[in-house]
Amino acid sequence: MSTSDAPLYFDHNATTPLHAEVRAAMVAAMDEGWGNPSSGHAFGRRARALIDGARAEVAALIGASPDEIVFTSGGTEANNLALHGTPGDGAIVISALEHPATSAPGEALGRRGREVRTLGVDGRGQVTIDEAALAGASLVSVMHANNETGVIQPIAALAEAAERAGARLHTDAAQTAGKVPVDVDSLGVDLLSIAGHKLYGPKGVGALYVRRGVPLEPLVRGAGHERGLRPGTENVIGIAGLGAACRVATRDLEAEGARLAALRDTLERSLRAHVPGLAVNGEGAPRLPNTSSVRFPGVLGRALLEATPGLAASAGSACHEGAETASRVIRAMGVPEDQALGTVRLSLGRGTSDREVADAVALLVAAYARLRR
């Protein structure tokens with residue numbers, strides 16, 4: 001997504017632009033679905049029909065039943081509902097890769113006295129399944145794919161291990177839903193989170209898959225909306241947008257995934273041809289087709305992006321009080337701090353073209369050369 005006066009957009013793992021079909025569905029919902037979905041008259045029934053249709057579209061994307069979908073305000077709320085709402089006093093097990101949307105509620109549970117354990121990762125960025133760490137746990141929560149490296153996690157194997165331990169399994173699928181096939185039965189998960197704005201839907205809406213029969217307590221109390229798990233009058237417009245986004249993703253999943261994987265591979269080959277010593281985080285592991293996390297030797301990733309104003313992407317570091325700190329995800333993979341600081345994440349999307357990939361490579365290579373001089 002770029003215009004003549006805008007930078008090339010290579011940050012689709014952060015957020016995606018609204019798809020045209022999503023926008024059209026939301027505009028239609030504004031006109032047709034303004035009634036209260038809980039009202040029994042015609043205006044309420046129209047709004048309810050939009051929600052029911054969207055619920056079916058979300059369910060279809062992940063191989064679930066519509067009655068297993070609970071709408072939320074986004075992936076963060078869905079993760080919090082899964083972690084705080086799962087009953088039991090056993091340990092909570094998360095991975096060293098988790099987004100703050102999962103790690104922060106885990107830490108909050110720890111402050112309230114729950115034992116919180118962490119699963120480590122290997123050098124490719126995949127979670128290590130530790131049966132001892134799972135023993136006595138109530139809930140295991142591991143993301144389906146990491147937002148920084150794009151590495152896809154062994155969720156199905158983890159689900160089997162969690163079942164043997166008597167624990168429920170939750171996965172944050174914000175980065176995978178709409179990019180790669182996601183099937184809740186094949187994965188074996190009990191709970192799964194989706195964020196609308198990660199798959200060309202609107203911000204402020206998401207969903208939690210709750211397998212039929214899995215107990216869950218609401219975060220807030222109120223009326224009986226969303227089976228009582230998420231009370232409050234529904235965000236009809238946002239939900240309609242999420243449903244449309246899931247419909248488009250289901251239709252285009254295979255073709256778009258193959259196109260993006262080819263572009264990503266071209267991007268990495270081109271960068272390696274011009275940057276000796278360039279490394280790919282997660283190389284050799286299954287990865288999202290659109291995600292390339294690369295380490296530029298001898299420079300800071302943040303400085304490289306600052307020197308490339310024509311490119312919108314993310315660095316694998318954070319600046320605290322003037323000091324650069326490498327991503328904890330990259331460090332957890334065993335990458336030394338000085339090398340991890342050179343990480344740049346380039347995440348492609350529907351609007352990314354061959355020309356834009358070539359232009360992005362040229363911008364990065366030129367900026368790298370300037371910094372090295």
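Which residue forms a salt bridge with Glu283? Let us meet this pair and some others in a predicted model.

**View 1. Glu283 and its salt-bridge partner, Arg272.** The closest N and O atoms of Glu283 and Arg272 are 2.8 Å apart. This pair links distant parts of the chain, 11 residues apart: Arg272 belongs to helix H8, while Glu283 sits in the loop between strand S9 (279-280) and strand S10 (291-295). Glu283 is partly exposed at 41% relative accessibility, and Arg272 is partly exposed at 35%.

**View 2. A salt bridge between Arg164 and Glu131.** Here the closest N and O atoms lie 2.5 Å apart. Arg164 counts as exposed, with 57% relative accessibility, whereas Glu131 is partly exposed at 41%.

**View 3. Arg251 and Glu21 within a salt-bridge network.** The side chains of Arg251 and Glu21 meet at 3.0 Å, N to O. Helix H8 (residues 236-274) supplies Arg251 and helix H1 (residues 20-32) supplies Glu21, 230 residues apart. Glu21 is partly exposed, its relative accessible area being 29%. Asp252 and Arg350 are linked with these two residues in the network. Across the whole structure, the search finds 20 salt bridges.

**View 4. The largest cavity, with a volume of about 200 Å³.** Among its 21 lining residues, Gly178, Lys179, Tyr200, Glu256 and Arg350 are the closest to the centre. The lining is made up of nine nonpolar, seven polar and five charged residues.

Definitions and conventions:
Residues are numbered from 1 along each chain as its sequence is written. This is a predicted model: local features need pLDDT of at least 70, side-chain atom pairs count only at pLDDT 80 or more; totals for chains, interfaces and linings use all residues. Side-chain values use heavy atoms; hydrogens and water are left out. On a 1 Å grid over the protein atoms alone, a cavity is a set of points where a 1.4 Å probe fits but cannot get out, and a pocket is an open set with protein on both sides within 12 Å along at least five of seven lines; lining residues have an atom within 4 Å of a point. Grid points are joined across faces, edges and corners, and a volume is the space filled by probe spheres set on the points. Ala, Val, Leu, Ile, Met, Phe, Trp, Tyr, Cys and Pro count as nonpolar, Asp, Glu, Lys and Arg as charged, and the others, Gly among them, as polar. A salt bridge is a side-chain nitrogen of Lys or Arg within 4 Å of a carboxyl oxygen of Asp or Glu. Helices (H or I, at least four residues) and strands (E, at least two) are DSSP runs, numbered from the N terminus. Buried means under 20% relative accessible area, exposed over 50%, partly exposed in between (1.4 Å probe, protein chains only).
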